[in-house]
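Dear colleague,

I am passing this structure on to you, and my notes on what was found in it follow below. Please look through the sequence and the model before you read on.

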Amino acid sequence: MEQIVIYIEENAQGNTLYQRYLSECQAIRKTVFIEGQDVAPEIDLDGLDTSCAHLLLLLGEKPAATLRIRKTAEGTKLERVAVLQEFRGHNYGKLLVQCALALSEPPVYIHAQVPSEGFYKNLGFTVEDPTIFYEANIPHRTMFWPNHIKGKTQCNIIRLS
C-alpha cells in the first residue's frame, strides 16, 4: 500500500485541502487520545492546531497516523503523535517522528508518555531530567533530540503550504 506523508504547514490555511487534512489529523487524535486514553477533548483540541504544523500519514487514501509540530520558547516540540490501532506495529510512528525531525529546527523535544519512553529512546531521544509530570492524568517525561541538527528522513513528504 502506498505511503504518503503530508506536511501541513502552519501557514497553509489558504490551501483548499487544509481543512480536510487537519480534520483527518484531529479524527485520528480523537480516536487515539480522547476515546482510547480518556483525554478530555478540550485538552487535545486545545485551539493551537492552526498555529502548528502537522504530519498526516495516508496509506493509500486512508488516514493512519499523525503528529503535530509546535514552535515554543524552548524550541520545536513534537506532540500528538498518534497511530490508529489497526496500523500499529508497522513503524509508522517512527516514520512520522523521523520526518518531523527532518523538518524541524533544533532544539527538538517531546513530552513523552512514560509508557512510550522506550519508543523515543530507540529513535535517539534522551532524558535530561528524570522528573515525571502529568498531562491529562498521564505520566510524562521531557525528552530531547540530542543531535542538535536536523534529522534525516527516508520518506517522501508532500508539502501543503
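This is a predicted model: local features need pLDDT of at least 70, side-chain atom pairs count only at pLDDT 80 or more; totals for chains, interfaces and linings use all residues.

Residues are numbered from 1 along each chain as its sequence is written, and side-chain values use heavy atoms, with hydrogens and water left out.

As to confidence, the chain has a mean pLDDT of 93, and 96% of its residues reach 70 or more; pLDDT is the predictor's confidence in each residue, from 0 to 100. Confidence is highest in strand β3, at a mean of 98, and lowest in strand β9 (residues 157–160), at 84. Helices (H or I, at least four residues) and strands (E, at least two) are DSSP runs, numbered from the N terminus.

Arg68 lies in strand β3 (residues 62–72) and has a relative accessible area of 1%, so it counts as buried. Here buried means under 20% relative accessible area, exposed over 50%, and partly exposed in between (1.4 Å probe, protein chains only). The side chain of Arg68 makes a polar contact of 2.9 Å with that of Asp46 and a polar contact of 2.7 Å with that of Asp49. A polar contact is a pair of N or O atoms within 3.5 Å; within protein, one must be able to donate a hydrogen and the other to accept it, and residues adjacent in sequence count only if both atoms are side-chain atoms.

A salt bridge is a side-chain nitrogen of Lys or Arg within 4 Å of a carboxyl oxygen of Asp or Glu, and the whole structure holds 15 of them. In one of these, Asp49 meets Arg29 at 3.0 Å, N to O. That pair links distant parts of the chain, with Asp49 in the loop between α2 (41–44) and β2 (53–59) and Arg29 in helix α1 (residues 18–35), 20 residues apart. Both Asp49 and Arg29 are buried.

A further salt bridge joins Arg80 and Asp44, whose closest N and O atoms are 3.0 Å apart. This pair, too, links distant parts of the chain, Arg80 being in strand β4 (residues 75–83) and Asp44 in helix α2, 36 residues apart. Arg80 is buried, with a relative accessible area of 19%, and Asp44 is buried at 2% relative accessibility.

Glu79, which is buried with a relative accessible area of 6%, forms a salt bridge with Arg70 through their side chains (2.8 Å, N to O). The side chain of Glu79 also makes a polar contact of 3.2 Å with the side chain of Lys77. Lys77 is found in strand β4 and counts as buried at 7% relative accessibility.

What about the nonpolar side of the structure? The largest nonpolar core has 48 residues, of which Leu55, Leu57, Leu78 and Phe125 touch the most other members. Helix α3 (residues 92–103) gives the most to this core, with 8 residues. A nonpolar core is a set of buried Ala, Val, Leu, Ile, Met, Phe, Trp, Tyr and Cys residues joined through side-chain atoms within 4.5 Å. Neighbours within four places in sequence aside, the contacts of Leu78 include Arg68, Val97, Leu101, Ile110 and Phe125.

Finally, strand β1 (residues 3–8) is mostly covered, with 5 of its 6 residues buried. β1 runs antiparallel to β2, to which 6 bridges join it, and Ile4 stands opposite Leu58 in β2. β1 also pairs with β9 in the parallel sense, over 4 bridges, and the bridge partner of Tyr7 in β9 is Arg159. Two strands pair if DSSP finds at least two bridges between them.

With best wishes

Notes. Contact means heavy atoms within 4.5 Å.
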